[in-house]
Amino acid sequence: MNAGETQRTPWIVGVSGASGTPYAAAVLRALLGAGQAVDLIVSRASRLTLLDETGIPFRDAHWQDDLREWLSRGADGKPGTFAVDIDGVRHWSAGDLAAGPSSGSYATKGMLIVPASTACVAGVALGLSKDLLQRAASVTLKERRPLVVAVRESPLNGQTLRHLVTLDDAGASVVPASPAFYSGATHIQDLVDFVAGRVLDAAGVPHALYTRWEGELGGGPGTPRVPRTSRTDND
């Protein structure tokens, strides 16, 4: 890097094989819209999920075209819903264990795994590093950088719950992909954006993906807001 140049310090976004690729797309769009640089790792399993959920392949040799097509679609699958600029994205193959994010000396702001499968959660909790996604997560933890894990599974068994507690103890933020309805969602994209927004909240990245709770009841569509002071103690 030449004198006077600003070092590129990206957020790593890892996409595992769990259902929920629209969550990843919403997070990526919001990061790019906020002017953040992104290092993208798409696992082998997630490519199958992406193809199944959207019909879009993700190929290393054509990742820019595939990513642009993916991010342009809404959660309902409609193409051309969003205008996207992917100039801030750098893609690393999931099998490249010599990639930048595999080393702690590679500067990043942290990592978001969205969605995170139970297999991914287990691998990170156990420190397996079987692919670049898991290795990058392990590096993020050892370097004490923010790690946000958006787990997407239901129900959760005891083994996975123990793995999530291990990640929490290690300093990660566990954000279940659990949408809320108080912000007045009227479309599937609203529900997806709520989860994506909570992921970004955990990472400390500003966004405007959902309407925040402000202490008044009645956030649903067509429902008048009721100040909390009007409620009785028995409510």
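Modeller: Gladly; we will go through the sheet, the helices and then the salt bridges. Please keep in mind that this is a predicted model.

Colleague: Let's begin with the sheet. In what order do the six strands lie in the open sheet?

Modeller: The order is E3-E2-E1-E4-E5-E6, and the pairing is parallel. At the edges are strand E3 (89-93) and strand E6 (173-174), each of which pairs on one side only.

Colleague: How many bridges join strand E5 to E6?

Modeller: Two bridges join E5 (residues 147-151) to E6, and these strands run parallel. To find one end of this pairing on your screen, look for valine 148, whose bridge partner in E6 is serine 173.

Colleague: Now the helices. Which strands does H7 lie across?

Modeller: H7 lies across strand E1 (11-15), E4, E5 and E6, and runs at about 160 degrees to E5. Helix H4 (residues 118-126) also lies on strands: strand E4 (110-116) and E5, with an angle of about 145 degrees to E4.

Colleague: How should I read the meeting of helix H1 and H7, and at what angle do they cross?

Modeller: Follow the two axes: those of helix H1 (residues 21-33) and H7 come within 9 Å and cross at roughly 60 degrees. That angle is why H1 counts as oblique to H7. The crossing is right-handed.

Colleague: Which residues in H1 and H7 meet?

Modeller: On the H1 side, they include Pro22, Tyr23, Ala26 and Leu31. On the H7 side, Leu191, Val192, Val195 and Leu200 are among them.

Colleague: Could you show me one of them? How far apart are the closest N and O atoms of aspartate 60 and arginine 47?

Modeller: In that salt bridge, the closest N and O atoms are 2.9 Å apart. This pair links distant parts of the chain, 13 residues apart: arginine 47 sits in helix H2 (44-54), while aspartate 60 is in the loop between helix H2 and helix H3 (63-72).

Colleague: Are these two residues buried or exposed?

Modeller: They fall into separate classes. Arginine 47 has 15% relative accessibility and counts as buried, because the cut-off for buried is under 20%. Aspartate 60 has a relative accessible area of 35% and is partly exposed.

Colleague: Which residues are linked in a network of salt bridges?

Modeller: Arg198, Asp201 and Arg212 are. Take aspartate 201 and arginine 198 to begin with: their side chains meet at 3.0 Å, N to O. Both lie in helix H7 (residues 188-203), three residues apart, about one turn of the helix.

Colleague: And where does arginine 212 lie?

Modeller: The side chains of aspartate 201 and arginine 212 meet in a salt bridge of 2.8 Å, N to O. Here the pair links distant parts of the chain, 11 residues apart, with aspartate 201 in helix H7 and arginine 212 in the loop between H7 and strand E7 (216-217).

Notes:
Residues are numbered from 1 along each chain as its sequence is written. This is a predicted model: local features need pLDDT of at least 70, side-chain atom pairs count only at pLDDT 80 or more; totals for chains, interfaces and linings use all residues. Side-chain values use heavy atoms; hydrogens and water are left out. A salt bridge is a side-chain nitrogen of Lys or Arg within 4 Å of a carboxyl oxygen of Asp or Glu. Helices (H or I, at least four residues) and strands (E, at least two) are DSSP runs, numbered from the N terminus. Buried means under 20% relative accessible area, exposed over 50%, partly exposed in between (1.4 Å probe, protein chains only). Two strands pair if DSSP finds at least two bridges between them. Contact means heavy atoms within 4.5 Å. Axes are lines fitted to C-alpha atoms, for helices over the stretch in contact, and angles run from 0 to 180 degrees between N-to-C directions. Angles under 35 degrees count as roughly parallel, over 145 as roughly antiparallel, 65 to 115 as roughly perpendicular and the rest as oblique. A crossing is left-handed if the near helix is turned anticlockwise from the far one by less than a right angle, and right-handed if clockwise.
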